[in-house]
Structure formats: structure tokens, C-alpha cells
Amino acid sequence: MDQTQINQLGDELYQAMLKREAVSPLTSRGFDISVEDAYHISLRMLQNRLNAGERVIGKKIGVTSKAVQNMLNVHQPDFGYLTDAMVYNSGEAMPISEKLMQPRAEGEIAFILKKDLTGPGVTNADVLAATECVMPCFEIVDSRIQDWKIAIQDTVADNASCGLFVLGDQAVSPRQVDLVTCGMVVEKNGQIISTGAGAAALGSPVNCVAWLANTLGQFGISLKAGEVILSGSLVPLEPVKAGDFMQVSIGGMGTASVRFT
């Protein structure tokens with residue numbers, strides 16, 4: 001793709017987000033879009049957000065669990081950028097009816113970094129050494145693509161289908177909890193709807209963060225000290241609407257909750 005096409009599609013996705021009007025899949029339009037093209041489209045979409053005054057505060061890893069891969073028929077991880085306009089505190093009301101179109105909630109483990117991580121060559125030990133703390137979180141994914149009919153290029157271009165996210169109200173050292181076996185329980189409106197474990201995300205959330213650092217390292221991008229890294233869902237995506245209340249609990253790590261309006 002040429003730069004003009006990349007800019008047009010990035011601008012189109014940004015306008016779709018602002019207007020809450022989904023667009024047809026980019027991969028259905030006759031373009032020959034590579035995954036690399038899709039990342040350039042996502043950067044154009046991000047630049048629009050930065051021009052509007054948002055700032056990057058972290059990154060997210062998507063499509064890490066088999067449950068999510070099978071649900072979306074996308075079979076490799078991807079990544080997107082988190083901005084300060086996306087984050088909510090645990091227990092806060094989240095106005096999804098004003099901001100999102102096709103929201104789905106997923107329970108994850110968030111990593112807060114205290115040191116930069118620059119690939120290639122980042123190991124799991126490097127990730128643990130660079131992590132200040134971990135905490136439960138919800139990512140509320142959203143797609144600017146109609147009916148979630150996405151190929152990997154569509155979700156990559158759309159900032160990895162990132163919407164909003166909620167961080168838990170407590171944090172622990174990554175060395176205080178077994179990030180492979182820790183259990184997750186997700187409740188919606190008081191009912192348990194799914195359970196998972198750290199191993200659901202590429203074998204361990206630590207693997208996911210190492211994958212991201214090494215993938216971004218190929219593009220000369222680092223994970224930065226102070227950034228929030230959402231490491232990928234441990235459970236299936238759950239559609240949500242205004243009026244729903246959700247809570248995620250992770251053994252040894254605490255809870256995060258969100259009320260949707």
C-alpha cells in the first residue's frame with residue numbers, strides 16, 4: 001500500500017471511532033494489506049488521537065488466548081497503544097454507550113513497568129526484573145469494523161480493537177504470585193461467567209510481554225518505564241451493555257470491577 005492509502009484508512013478508522021459508526025472490513029475492499037501495512041494504518045489512527053491531545057501511557061497485547069483466537073478466527077497475537085483517554089479506575093462508571101460501539105469485556109493481568117524493555121532478546125527474567133507490579137484489569141475491546149468481521153489485518157489496523165480499560169485497586173510484585181497458575185474468575189451481574197488461568201495467554205502473561213518487547217524491538221520501539229502493559233485475555237470475550245456490572249478476581253492479586261453506563 002502507498003502512504004496515501006494508509007493515511008486515508010487510518011483517518012477513516014479514527015472518524016469511525018469518533019462518530020461511533022462502524023466501517024466495512026478493510027480486507028474486503030480489494031486492497032492488498034499486509035500486517036505491516038496494518039500497523040502503519042494503526043499509527044496514523046494513533047497520530048490523530050495524539051493530535052487531539054491524548055498521550056500514550058502503555059500498550060496492549062491482543063489475541064493471546066485460544067478462546068479469543070477461536071472466537072475471532074485470528075490466530076496470532078497483535079498489539080495496540082493505550083492512551084490516557086482510555087483508562088478508568090476500579091469501581092468507576094464507564095460510559096460505553098457514549099464511547100464504544102460493539103463492546104466486549106475481557107479479564108487480563110496488567111503489568112506496570114519500572115524499567116524500559118527493548119528487544120530483541122528480551123527474556124521472561126528480563127520482564128520480571130523490569131516489572132514494578134501486576135494487577136487485575138478489564139480491557140473493554142471495541143471494533144470499528146462492522147460486526148467484528150475481522151481478519152488479523154483489520155484488528156491490527158484498528159489499534160488491536162482497543163477500546164477502554166480498568167485497572168484494579170491493588171497491586172502486587174510479580175514475584176509474589178505464580179503468573180502461570182494464578183486463577184481468574186469473571187462475574188457479570190453477580191453470576192460467574194468464566195474462569196481462566198495465567199497459562200491461557202501464550203502459556204504465561206510473562207511470555208506475552210516478552211513477545212511484545214521483542215516484536216516492537218524489530219521496529220525500534222521500546223516498552224517504557226511507567227507504562228501499563230495489558231498482557232492479553234485469560235477468558236473468552238463477553239459482550240456488555242449499559243447497566244451491566246462486572247468484576248474480575250485473580251488469586252493472590254485482588255480484584256477489578258466496572259459498572260457500565
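## Packing of helices α1 and α2

Helix α1 (residues 3-19) packs against helix α2 (residues 35-51) at an angle of about 50 degrees, and their axes lie 8 Å apart; axes here are lines fitted to C-alpha atoms, for helices over the stretch in contact, and angles run from 0 to 180 degrees between N-to-C directions. That angle makes α1 oblique to α2, since angles under 35 degrees count as roughly parallel, over 145 as roughly antiparallel, 65 to 115 as roughly perpendicular and the rest as oblique. Helices (H or I, at least four residues) and strands (E, at least two) are DSSP runs, numbered from the N terminus.

The contact (heavy atoms within 4.5 Å) is made on the α1 side by Ile 6, Asn 7, Leu 9, Gly 10, Asp 11, Leu 13, Tyr 14 and Met 17, and on the α2 side by Asp 37, His 40, Ile 41, Arg 44, Met 45, Asn 48 and Arg 49. By class, the contact of α1 with α2 comprises seven nonpolar, four polar and four charged residues, where Ala, Val, Leu, Ile, Met, Phe, Trp, Tyr, Cys and Pro count as nonpolar, Asp, Glu, Lys and Arg as charged, and the others, Gly among them, as polar.

## Basis of the model

This is a predicted model, in which local features need pLDDT of at least 70 and side-chain atom pairs count only at pLDDT 80 or more, while totals for chains, interfaces and linings use all residues. Residues are numbered from 1 along each chain as its sequence is written, and side-chain values use heavy atoms, with hydrogens and water left out.

## The five-stranded sheet

Five strands form an open sheet with mixed pairing, in the order β4-β13-β12-β8-β9; two strands pair if DSSP finds at least two bridges between them. The edges are taken by β4 (93-94) and β9 (191-197), each of which has a single partner strand, so one side of each is left without a neighbour in the sheet.

Within this sheet, strand β8 (residues 183-188) pairs with strand β12 (residues 245-250) in the antiparallel sense over five bridges, and Val 185 stands opposite Ser 249 in β12.

## Backbone features in two loops

In the loop between β5 (104-113) and α5 (124-130) lies Pro 120, which is joined to Gly 119 by a cis peptide bond with omega of about 0 degrees.

Trp 148, although not a glycine, has a positive phi of about 55 degrees, and its place is in the loop between β6 (131-141) and α6 (152-157).
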